[in-house]
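Try each task before you read its solution.

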Number of protein chains: 2
Amino acid sequence: MKDRKLLMIPGPIEFTPEVLRAMGMVTTSHVAPNFIEAFGQALERLRQVFLCPSGQPFVIAGSGTLAMDIAAANLVEPGDKALVVNTGYFGDRFAAILERYGATVTQVRAPAVGDAPALEEVETALKDPSTLRLRSGQGYKLMTITHVDTSTAVGADVKGLAALGREYGALVVVDGVCAVAGEEMRQEEWGIDLALTASQKAIGVPPGLALVVAGPRAMETFRNRKTPVGNYYADWTQWLPIMEGYEARQHRYFGTPPVNLIWALNVSLGQILDEGMDARFARHRRLSQALKAAVTALGMKQVPVSPDKTATTLTAPYFPDGVDRAMLAHVKEAGVIVAGGLHPAIKARYFRVGHMGAVSMSDILATVGAIEKGLAQVGYKFEPGVGLAAAQAILTR
Amino acid sequence: MKDRKLLMIPGPIEFTPEVLRAMGMVTTSHVAPNFIEAFGQALERLRQVFLCPSGQPFVIAGSGTLAMDIAAANLVEPGDKALVVNTGYFGDRFAAILERYGATVTQVRAPAVGDAPALEEVETALKDPSTLRLRSGQGYKLMTITHVDTSTAVGADVKGLAALGREYGALVVVDGVCAVAGEEMRQEEWGIDLALTASQKAIGVPPGLALVVAGPRAMETFRNRKTPVGNYYADWTQWLPIMEGYEARQHRYFGTPPVNLIWALNVSLGQILDEGMDARFARHRRLSQALKAAVTALGMKQVPVSPDKTATTLTAPYFPDGVDRAMLAHVKEAGVIVAGGLHPAIKARYFRVGHMGAVSMSDILATVGAIEKGLAQVGYKFEPGVGLAAAQAILTR
């Protein structure tokens, strides 16, 4: 019997054997020709995965929070105004980071946990006359959007919000940590000035890399800074020549790059592009619909208040009446690891299933099967197989 | 024929098969019991490797520069005075980082490249009356020492400098990036308040982890801060509960930890402690002496001006007269990769050999053999085998 469990959490996800092989390869020097080639290629591929031909990619050792920090530290100067479209835990975090670098932050909050602010509310905030007066004719310098709030599975209307941000002259920053390479995001076409993620989500690489693609307006804002970047390690002044160097297949030194993680990144980005971004978005949508249909068929509500405010990379079901997180141990026993709640206000009342990256149809069915088993074992009444049937109806469509 | 070359650069070094196996293991959740145990154990072991029973370890995804940034950002507040004992490239970097967080930096520079400031000069700087007046009765808040300057192979007298720093009330911060777990350093006994390194040096783990151990005075200085830490990602306010949590074998969330790198770290720290710190320091000393004796026997001078100012983890020979870096290609052809020069003032005139971590007697002999071959192929005149004989005389002693 396999003692391996299927890992269905919102990151780290399940990685492909090729990616894990790259992780365990004998490390070479960071100036070795095969590493320079892999790093250069990974940077080129990142631009393609983010669908941002004009973007400047940055690959830096760190967590997803470092990627948020990189965005804030390089774009914000003390006294700038920033607007945070808040859909949960990670909106709060972005506000805290922006404030650290001297921004005055306004948050447009969702009316309830599981909801997202309406476009109209965000527009009202963007055109607030008090904003426009703050810095001689300027409104918000930037706005941030959490594409998928990992704590709630709320998915934001990034396309609509980005268009609004552009209209009102704000740099549009997308926290795509639980989204990039899974959720549809077309950075350049949608007018997103900076998008960021971490390696261990839909990008499909073990945790340890912060990934950022900055568009021309973001880079121009950085170049026009009047004050030094508040965070030394995050400062593009250091990193830009490194990224440009490796992409030109030349070695330049600032810090030692995380060789094995970058090899793994290049392998995974190659696999992502082999599938193709459109096919990949479609697969993620279909698998997500299947799992969500199963959850509904099993009588569970979800944290996001409506389908149009729901992520495709992640599902967050409330436990049914009379069931609590003790159920998750039975799901695990049945072979699948899902994640507990994270949002403080509802933490004990829901769980989270991640389905991104190399996730397959059979992973979804295995997950639904394990959830059914878990529910049965805590005495919840339902028709066995009803979840599987609902998922299968979509998967075989 | 093996196409694998022996990697003898000052990091990334050669890693053990067990460490590489941990790198390629199937990633689990960061809340999985086996990961919590490995992280907790790695933190305990880090304290032992740094020889600092009272220290607080931090393991964070990033490069060695992040570790320097963590030290500066958490300990410095705007207006503080800092003293940098500068022995090369990385002293300059520490000064830049300290200034970024508002410190006024005084540097005691070596009289020449390859030299280190004398203890007396550092003491003169520490007791400079202008210093003592700066903040009501306080002198330098901290001093930094680069244990081994990776650019020059200069080794600092950390024990002597730390005692001085203590005497004059400065927090003693040691950049041990090319040193910890190779050079002798006894953090607690020598009165070092914070020591830091990166994973890819003598710690023996692929690049991607910043490692810091902070003693009680450093933690107290952090707790007594009057201003927020300037760098969000580096802020101990976030990381301290995480490190305390994992060490208590509990999961707490801030950012997703780099699971595979931390597994590899725990494996490598276990191997280091199995050898024992004293035995490890002695092995590094013996191998270093052997390589340096070979270099001398081959008629090459070294960048460090005298043996007492020389690292044990690293050797930096000048090319002999009439030889230039073209020789390094022949060394590589002969199977060994060494590093070129890094210090801007002498970059083209020398090379660097790293010998730390799992490095063995046979690695040293292979390296000397390849250097001899390289020298012969560029037409340098010497008695073949003279380097090998000099090394062997020490290795068999």
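This is a predicted model: local features need pLDDT of at least 70, side-chain atom pairs count only at pLDDT 80 or more; totals for chains, interfaces and linings use all residues.

Residues are numbered from 1 along each chain as its sequence is written, chains are lettered from A in the order in which they are written, and side-chain values use heavy atoms, without hydrogens and water.

**Exercise 1.** Find the place of Thr16(A), and state whether Thr16(A) is buried or exposed.

*Solution.* 
1. Look between strand 1 (6-7) and helix 1 (17-23) of chain A: Thr16(A) sits in that loop. Helices (H or I, at least four residues) and strands (E, at least two) are DSSP runs, numbered from the N terminus.
2. Thr16(A) is buried because its relative accessibility is 16%. Buried means under 20% relative accessible area, exposed over 50%, partly exposed in between (1.4 Å probe, protein chains only).
3. Now go to Gln271(A). The C-alpha atoms of Thr16(A) and Gln271(A) lie 9.3 Å apart, with 255 residues of separation in sequence.

**Exercise 2.** Which strands of chain A pair with strand 14 of chain A?

*Solution.* 
1. Locate strand 14 at residues 351-354 of chain A. Phe351(A) and Val353(A) are buried on one side, Arg352(A) and Gly354(A) on the other.
2. Strand 11 (residues 314-315) of chain A pairs with strand 14 in the antiparallel sense, over two bridges. Two strands pair if DSSP finds at least two bridges between them. Thr315(A) stands opposite Val353(A).
3. Strand 13 (residues 339-340) of chain A also pairs antiparallel with strand 14, over two bridges. Here Ala339(A) faces Arg352(A).
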